[in-house]
Amino acid sequence: MTNIISNIDELERAVNTMYMYNLPCVRKMNSPSCPVLVKRRRCLPSSSHTDKEELSLKRQCPDNPSSTRSKKYCHLENVVEHIGGAGTEILECLNVADTLSLMNCNRFFYEKTNQNWVWDRKMDILESNKIFVSAGAKEMREIIGTKGSGNMKDVYKHASRDGNTRNYIRLNELVSRPWSFRMKEAAGAVWTKLDPWHSGGGAHQFRFLENFTVQHVQQSNDQHSKPFLPQNMTWRFISEPMDSERRPSGSYIRISFNGRDVPTYHVRRDPLNKWGFIMENCWGLFASFDLPEKGTEPLLEDSYMRLSKENQKLESLFYNNGFNSIPEGPGGLWICYWKFFKNQNQHQDQNHNAILSDVN
């Protein structure tokens with residue numbers, strides 16, 4: 001915080017005036033987490049106004065059915081203008097929901113809270129707390145910062161909508177950082193014993209490369225874990241697995257180990273609201289952040305995962321029966337049936353021709 005409040009009593013009067021009009025977006029100003037209060041080590045009394053002052057203020061802005069919304073908050077405009085630099089600290093102290101609430105009070109507060117610097121600082125906080133912030137929002141922010149035209153609140157809105165609704169990953173996001181990996185209990189004891197995460201250690205780290213290979217980049221520090229056996233791992237986007245509906249590109253990833261496809265990994269946003277991603281199939285889980293130790297985060301435990309062998313019956317059946325390639329889409333099963341019967345017929349024809357040649 002760069003601005004210094006020269007008169008804390010004026011700030012107290014402003015905030016308590018807002019309390020008096022029951023403005024919900026400033027109730028948190030009485031919280032010790034507010035930087036204004038922490039800096040001054042002061043608590044705002046809930047009744048710094050005398051009864052006479054309160055009655056006078058209510059007469060200035062009577063609260064009755066005929067009063068307009070802007071009329072109800074008319075006195076607050078004078079307060080914010082009067083405290084000057086402290087107004088900046090008040091806006092910095094409010095979170096996004098409270099800022100939007102204040103913005104809806106009247107035109108005065110709309111103009112105050114709609115300034116680009118307000119939302120630019122909130123974008124700073126967003127980018128420091130979230131893993132993947134929309135590249136489009138970052139470009140919009142850079143253009144506004146360079147040209148000085150545009151609305152920074154729209155940038156924040158774009159980033160928020162993308163982070164909360166998009167459940168598919170883009171190539172630049174997939175290859176931009178290492179991914180933690182662990183096995184699920186459903187994979188069986190043979191696999192979980194090889195996984196250091198299940199013995200209390202850290203998860204293995206992998207990178208998805210642009211050449212469609214997967215590189216193991218970090219071995220767990222757990223002394224009891226067995227070393228990871230190098231695999232020839234590749235990846236590719238697919239649009240429709242055998243057991244699931246079609247979704248946009250980046251929603252499903254098919255990984256192959258030594259030339260054998262494993263059941264498709266489904267992509268979705270992480271349950272911790274970090275705006276990261278997790279990728280899971282019936283036997284494993286990838287996360288775009290460091291996985292916490294086993295048992296410390298319930299939302300990342302197997303009981304909260306969405307996929308099991310029941311959700312991927314066909315693909316797990318193909319893998320368990322030794323198929324190297326798992327087909328895509330619901331039609332892939334019929335293609336496999338057709339190839340199977342074609343091979344059977346060819347085999348029968350060969351046997352028939354061999355018998356005829358022996359007879360002749």
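Glu240 is buried at a relative accessible area of 17%, where buried means under 20% relative accessible area, exposed over 50% and partly exposed in between, with a 1.4 Å probe and protein chains only. Its salt-bridge partner is Arg246, with the closest N and O atoms 3.3 Å apart; the term denotes a side-chain nitrogen of Lys or Arg within 4 Å of a carboxyl oxygen of Asp or Glu.

Before I continue, a word on the source. This is a predicted model, in which local features need pLDDT of at least 70 and side-chain atom pairs count only at pLDDT 80 or more, while totals for chains, interfaces and linings use all residues. Residues are numbered from 1 along each chain as its sequence is written, and side-chain values use heavy atoms, with hydrogens and water left out.

The structure holds 16 salt bridges. Which residue forms a salt bridge with Glu173? The partner is Arg166, and the closest N and O atoms are 2.8 Å apart. Glu173 counts as buried because its relative accessibility is 6%, and Arg166 counts as buried because its own is 4%. Both residues belong to a network of salt bridges that also links Asp162, Arg170 and Arg269.

A further salt bridge joins Lys294 to Glu185, with 3.1 Å between the closest N and O atoms. Lys294 lies in the loop between E9 and helix H14 (313-320), and Glu185 in the loop between E1 and H13, so the pair ties together parts that are 109 residues apart in sequence. Helices here are DSSP runs of H or I with at least four residues, strands are runs of E with at least two, and they are numbered from the N terminus. Lys294 is partly exposed at a relative accessible area of 35%, and Glu185 is partly exposed at 44%.

I turn now to strand E1, residues 179-183. Five of its five residues are buried. Trp179, Phe181 and Met183 are on one side, Ser180 and Arg182 on the other, so that both faces are covered. How does E1 pair with its neighbours E2 and E9? With E2, residues 204-208, the pairing is antiparallel over three bridges; with E9, residues 284-287, it is antiparallel over four. Two strands count as paired if DSSP finds at least two bridges between them. Ser180 has a bridge partner in each of these strands: Gln205 in E2 and Ala287 in E9.

Next, helix H7, residues 96-103. Asp98, Thr99, Leu102 and Met103 are buried there. They cover an arc of only 145° around the axis, which puts them on the same side of H7; the arc is that of the directions from the helix axis to the C-beta atoms. In general, an α-helix has 3.6 residues a turn, so residues three or four places apart point the same way. At the start of H7, a side-chain oxygen of Asn95 comes within 3.3 Å of the backbone nitrogen of Ala97.

Finally, the surface. Val190, Trp191 and Leu194 make a nonpolar patch of about 310 Å². Such patches consist of residues with over 30% relative accessible area and no salt bridge, with like charges joined within 9 Å and nonpolar side chains (Val, Leu, Ile, Met, Phe, Trp, Tyr) within 5 Å; accessible areas come from the Shrake-Rupley method with a 1.4 Å probe, and for residues only the protein chains shown count as cover. Leu194 lies in helix H13, residues 189-194, and counts as partly exposed because its relative accessibility is 37%.

Technical notes
A polar contact is a pair of N or O atoms within 3.5 Å; within protein, one must be able to donate a hydrogen and the other to accept it, and residues adjacent in sequence count only if both atoms are side-chain atoms.
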